[in-house]
Amino acid sequence: MADEASKRAAGRMAADMVEDGAAIGLGTGSTVRFAIERLAERVADGLSFVGIPTSHQTAMRARRLGIPLASLNDAPRLALTIDGADQVDPALRLIKGRGAALTREKIVAAASDRLVIVVDEPKLVGCLSSPVPVEVLPYACAFVERRLAALGGTGTVREGARKDGPVVTDSGGFVLDWSFGPIADPSGLESAVEAIPGVVASGLFAGFSEKMVVIVGNGSGCRVVRPGSTPPRSAW
Ligand code: 5RP
């Protein structure tokens, strides 16, 4: 599939940015999977690094491929994190959390000197607008729903695909997928959502642009977008 090839190209390029001896955050999802596979090849060729996984899925994949892992408590400062995204806008603000790993992904992004985001072209949007995943403490779920409704839009508790009832995240939370429509002020909305008591984290990542590199896979390879180098909104 062309889409898979794009994700693969982006993931592999990100893995080639990892330097010997580093502690690296490992995000979650189908694009990061290709980075993990490439990192495993590099480990077999002698690369030495330790990965800090953001989910059971990533930990299991990495462990199976022989990648050394540690916890964030072992390595609280990371040289780089490789992660995916659901939407990216021209100011390099993100919506993340389709895989419900948003809280750990946000922590690891904050702990990293550099953040390498791997996506394919359809993830690039002029304005963030997809539903925003919001991880909440189960205790506060209905309360947070009311507060989110006061901010605008509508949403639902994410249900399991092959499990009855709500998705329970790797950190024990529920996820509310909240549609705000086009988001004019991602940073302001992120602050407002995360100020609600009971919210653990939102899938809006508006504060990491300065240390971010976005690798965009496409049919012919990859292009790399850095802060300040984004094309005009119309060409994005
Ligand atoms: C998981 C995430 C993922 O990184 C994001 O959803 C992108 O996933 P994929 O590469 O499979 O499209 O945020 O919580």
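Predicted model: local features only at pLDDT ≥ 70, side-chain atom pairs only at ≥ 80, totals over all residues.
Strand β6 (residues 112-120) and strand β12 (residues 212-218) run parallel and are joined by six bridges. Within this pairing, Ile117 has Val214 of β12 as its bridge partner.

**The six-stranded sheet**

- Strands β6 and β12 belong to an open sheet of six strands with mixed pairing, ordered β2-β1-β3-β6-β12-β13.
- The edges are taken by β2 (50-53) and β13 (221-225); each has a single partner strand, so one side of each is left without a neighbour in the sheet.
- From one strand to the next, the twist averages 25°.
- Helix α4 (residues 102-111) packs on this sheet and touches β1 (23-26), β3 (78-83) and β6.
- The direction of α4 makes about 130° with that of β6.

**Helix α4 and Lys106**

- Seven of the ten residues of α4 are buried, so the helix is largely enclosed by the rest of the structure.
- The buried residues of α4 are Leu102, Thr103, Glu105, Lys106, Val108, Ala109 and Ala111.
- Why does Lys106 count as buried? Its relative accessibility is 10%, and the cut-off for a buried residue is under 20%.
- When residues up to four places away in sequence are not counted, Lys106 touches Glu190, Glu194, Ser202, Leu204, Phe205 and Phe208.

**Nonpolar cores**

- In soluble globular proteins, nonpolar side chains tend to be buried together.
- The largest nonpolar core has 22 residues, of which Val18, Leu39 and Ile82 touch the most other members.
- At least two residues of this core come from each of α1 (2-15), β1, α2 (32-44), β3, β6 and β12.
- Helix α2 gives the most to this core, with five residues.
- Which residues are in contact with Ile82, leaving aside its neighbours within four places in sequence? They are Ala14, Ala15, Val18, Gly25, Leu26, Gly27, Val32, Ala35, Leu39, Val116 and Val118.
- A second core of 20 residues is separate, and Ile95, Val125, Cys141 and Leu204 are among its members.

**Aromatic rings and charges**

- One aromatic pair is found in a search of the whole structure.
- This pair consists of Phe205 and Phe208, with 5.8 Å between the centres and 50° between the planes, and its geometry is tilted.
- Lys96 lies over the face of Phe205, at 5.7 Å from the ring centre.
- Elsewhere, Arg33 lies over the face of Phe34, at 4.8 Å from the ring centre.

**Strand β9 and its partners**

- Five of the six residues of strand β9 (residues 174-179) are buried, so this strand is largely enclosed by the rest of the structure.
- Strand β7 (residues 132-136) runs antiparallel to β9 and is joined to it by five bridges; in this pairing, Val132 stands opposite Trp178.
- Strand β8 (residues 154-157) also pairs with β9 in the antiparallel sense, over four bridges.

Terms used. Residues numbered from 1 in each chain as written. Heavy atoms only, no water. Buried < 20%, exposed > 50% of the residue type's maximum accessible area, 1.4 Å probe, protein only. Pairing = 2+ DSSP bridges. Phe/Tyr/Trp six-rings, centres within 6.5 Å; stacked < 30°, edge-to-face > 60°. Lys NZ or Arg CZ within 6 Å of the ring centre and 35° of its normal. Axes fitted to C-alpha atoms, helices over the stretch in contact; angles between N-to-C directions. Contact = heavy atoms within 4.5 Å. Core = buried A, V, L, I, M, F, W, Y, C linked by side-chain atoms within 4.5 Å.
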